Amino acid sequence: MKTITIDPITRLEGHGKITIFLSDEGEVKNTYFQIPELRGFEKFLEGRPVEEAPRIVPRICGVCPACHHMASGKAVDAVYGVTPPPAARKLRELFFMGEYIHSHVAHFYALSGPDFVMGPGAEKAKRHILGIVDKVGLEIGSKVITFRKYGHEIMKAVGGKCQHPVYNVPGGVSRPITAEQRTQVEKMAVECVELAKFTIKLFEDIVLKNKAYMDIVTGPAYQLKVHNMGLVDDKNRVNFYDGKVRVVDTTGKELAKYAPAEYLQNVAEHVEPYTYLKFPYLKKFGWKGMSEGQESGMYRASPLSRLNAADGMATPLAQAEYERFFATVGKPCNLTLATHWARVIELLYACERAVELSQDPEILSPDVRILPTRTPHDGVGIVEAQRGTLTHHYTTDENGIITKANLIVGTTNNNAAITLSIQKAAAALIQKGKPVTEEVLNMIEMAFRAFDPCFSCATHSLPGHFPMEVTFVQSDGEVLDILRRS
Amino acid sequence: MSKLNVAIYWGAACGGCDVAILDIHEKVLNVKEACNFWLWPVAMDFKYKDVEALADGFLDLTLFSGAVRNTENEHIAHLLRKKSKVLVAFGSCAHTGGIPALANFYRKEDILRRVYEECPSNDNPNKVRPQTVHRFPEGECEIPALYDWVKSLDQVVKVDYYVPGCPPVPERIWEVLSAVVSGAKLPPPGSVIGAGEKALCDTCERKRTDEKAIKEFKRIATTIPDPTVCFLDQGLICMGPVTRSGCGNQCTVASNMPCRGCYGQPEGTQDQGAKMVAAIGAALDAKEPEAIDKALDSLPDPAGYFYRFSMSSSLLERRKA
């Protein structure tokens, strides 16, 4: 009996486990995807003063702490029934754009980039960000480092601290921005637009112009026909910080458009006994198991779904790229690997939006906070995390002490879609009679990597310490292979 | 000089410590020149099998972030201990339990019931819960069981050094890495490195007003703090008196927000929370028991403030009943 191991699977945030059962003939019989842990923020937020939540929840995820900080801050505003003044609202969004820059750059270059720049079958000792630096040279490597750094430096200039943020307080932010800080932010944001354009060009050169890669992107292994979720502004354009959650169906038709407080009427979570991670689904269709299509409640919440769910982008360069994207892939797009392209378009939007906000004279206003006066009770806050729609819901007693908390987190939305994507990739890529190479395994991983999953977020759990492994089991239950990257 | 052999690993963590390491930015290229990596799950495709194959003590340096939450964390902690000359508990969670250890205020059962049965978005009429072993038609699959409570790294293996912070600030990370790379003599094992020895208050530029300033406690929810005056003097809980310096005052000065204690207790303090009780006592403008009680009534959730990051390593450790 031959055993190959991949342990742990890498270049994602958090951890998981895949088990593939094979028939005697070597065909895939079934594939299961398991998440091994949870942390229970929903419980230990209880008893804490609600204004402390925005300082606690960033520790759900160290890669996207500002998403949790923002959703939490908005939920706390709602708990107190207070609306931050315009300058505070804009500053929060500007701060948030900094994190989008950091996170999308990190994913594109460090987590998923190696699969394309080095190639899906490149040797593992080189299939990482330092390998990319060796390949593309120090000049481009330094550009990438600078790009991500600017994301964090923008956050620090706006909100004092990037990781973990302490900026949101009920009814606003903790401090105004100085003229000098604003100038710094503007300068960095302007440079970021150029770096985002460079990144899109790079994606074009490496992927779009490469027939072999495009065959993979458009091939059968990576397609998934599900509904699409994303936050939109009043003109149905993509917005990360505010607006309503729009869901469009598999044909592109609007299914729902809901305000944060209405989330319970629109989504519910299914529980399975084999994984710690719950499975959200659209209530309109109900939980239909691991099935795609118009009648299933399965949806995706990712850069791809945000573009699918919107009518456009709110900034000019990103809008042009949005149009080129859909002219190329069709709308709605169901190509999972096109998510990487959607991500760099969003990156360009975040940079452009950061420039706009940094040039808005109103952000210099010292009026960045309105003190709550209402008795606190219940509130929901929603933002778009880089990895999907993020919902925080808190209930408090009359003193603002949390009595109940509920979280539906970016990656959690995608649990079913990721599971089915892995199943489909495994079924398409593993062929009887052909050896299951390390390249095949990495290409199965690419099915979830496109989602930029953060399982630490998803389970509000503890990433990395549990191996992701692929176990092949024969139909008689005998373990054939435990595949870990080797 | 030969390159250092290094591993970076995350146990029960959020990944923020890994991002903080990347936040040394351009200096990552210096690290690349000075170190060979043998494990770094967030960024590289090395695996446990590679680590298992290394000779004992092969790794010059391992940075372990995250607390210990289940058998898998503990297993890898033991593995990396065996393979490492120097094992560093990196960040608040490995150091003292961190935010995940707030779970130690509750029973595991409370957490599971809340998440899988009570949350209002749940559709789980049969009260299904994750099982460590599940039998599918095709065979069994396993997931690990949670421990009853969250532990710091030194509660399961011997730790050589502690780098505090949630996350440690990149400037301190670079100081630690460059000291190790240059071969500088490190302090005695068991020491905290990459941080100051004094309390945060000693490095804070906010103005003190009066030693006995607190009449009642206020909350940031309903207070706009004076940005120049000591938070405690304004009646706002700030852990500055009982927290180690080194963070660069990112919260207290750069963000106009009070400290929550992520850098842990300063040198010579046994229990951060107990020390805070003493500090509060000294700062209260109340002598009579009734006045003291009244002032304390205005402070909700003292344990959640005083042990925000340190439950695992505290004298309380966890809920015992």
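In helix α9 of chain B, five residues are buried: B:Gln272, B:Gly273, B:Lys275, B:Met276 and B:Ile280. They cover an arc of only 155° around the axis, which puts them on the same side of α9(B); the arc is that of the directions from the helix axis to the C-beta atoms. Keep in mind that this is a predicted model, where local features need pLDDT of at least 70, side-chain atom pairs count only at pLDDT 80 or more, and totals for chains, interfaces and linings use all residues. Residues are numbered from 1 along each chain as its sequence is written, while chains are lettered from A and ligands numbered from 1 in the order in which they are written.

**More on α9 of chain B**

- The buried residues of α9(B) pack against α11 (302-306) of chain B.
- Helix α9 of chain B runs over residues 272-283, and its twelve residues should span 16 Å at 1.5 Å a residue; the end C-alpha atoms are 16 Å apart, which agrees.
- That expected span is 1.5 Å times one less than the number of residues in the helix.
- Helices (H or I, at least four residues) and strands (E, at least two) are DSSP runs, numbered from the N terminus.

**Where the two chains meet**

- Chain A puts 86 residues into the contact and chain B puts in 77 residues.
- Two residues are in contact if their C-beta atoms, placed from the backbone, lie within 7 Å.
- Several elements of chain A give two or more residues to the side that touches chain B, including β1 (17-22), β2 (28-34), α5, α6 (138-159) and β13 (402-408).
- The most comes from α6(A), with five residues on the side of chain A that touches chain B.

**Helix α6 of chain A and its partner α7**

- With 22 residues, α6(A) reaches 31 Å from its first C-alpha to its last, close to the 32 Å expected at 1.5 Å a residue.
- The axes of α6(A) and helix α7 (residues 179-208) of chain A come within 9 Å and cross at roughly 150°.
- That makes α6(A) roughly antiparallel to α7(A).
- The axes here are lines fitted to C-alpha atoms, for helices over the stretch in contact, and angles run from 0 to 180 degrees between N-to-C directions.
- As for the wording, angles under 35 degrees count as roughly parallel, over 145 as roughly antiparallel, 65 to 115 as roughly perpendicular and the rest as oblique.
- On the α6(A) side, the residues that meet α7(A) include A:Phe147, A:Tyr150 and A:Ile154, and among those they meet in α7(A) are A:Val185, A:Met188 and A:Leu195.
- Just after α6(A), A:Gly160 takes a positive phi of about 90°.

**Helices α4 and α5 of chain A**

- Helix α4 (residues 86-117) and helix α5 (residues 129-136) of chain A pack at an angle of about 55°, their axes 8 Å apart.
- That makes α4(A) oblique to α5(A).
- In α4(A), A:Tyr109, A:Ala110, A:Gly113, A:Pro114 and A:Val117 meet A:Ile129, A:Gly131, A:Ile132 and A:Lys135 in α5(A).
- Also in helix α5 of chain A sits A:Val133, which counts as partly exposed with 19 C-beta neighbours inside 10 Å.
- Leaving out residues up to four places away in sequence, A:Val133 touches A:Leu138 and A:Gly141.

**Backbone spots to look up**

- A cis peptide bond joins A:Gln163 and A:His164, with omega about -10°; A:His164 lies in the loop between α6 and β3 (168-169) of chain A.
- Chain B has a cis peptide bond from B:Cys166 to B:Pro167, omega near -15°, and B:Pro167 is in the loop between β10 (161-163) and α7 (170-182) of chain B.
- B:Lys127 is not a glycine, yet has a positive phi of about 55°; with 10 C-beta neighbours inside 10 Å, B:Lys127 counts as exposed.
- B:Asn256, also a residue other than glycine, has a positive phi near 60°, and B:Asn256 counts as buried with 23 C-beta neighbours inside 10 Å.
- You'll find B:Asn256 in the loop between α8 (250-254) and α9 of chain B.

Definitions and conventions
A residue is buried if 20 or more other C-beta atoms lie within 10 Å of its own, exposed if 12 or fewer, and partly exposed in between; C-beta atoms are placed from the backbone.
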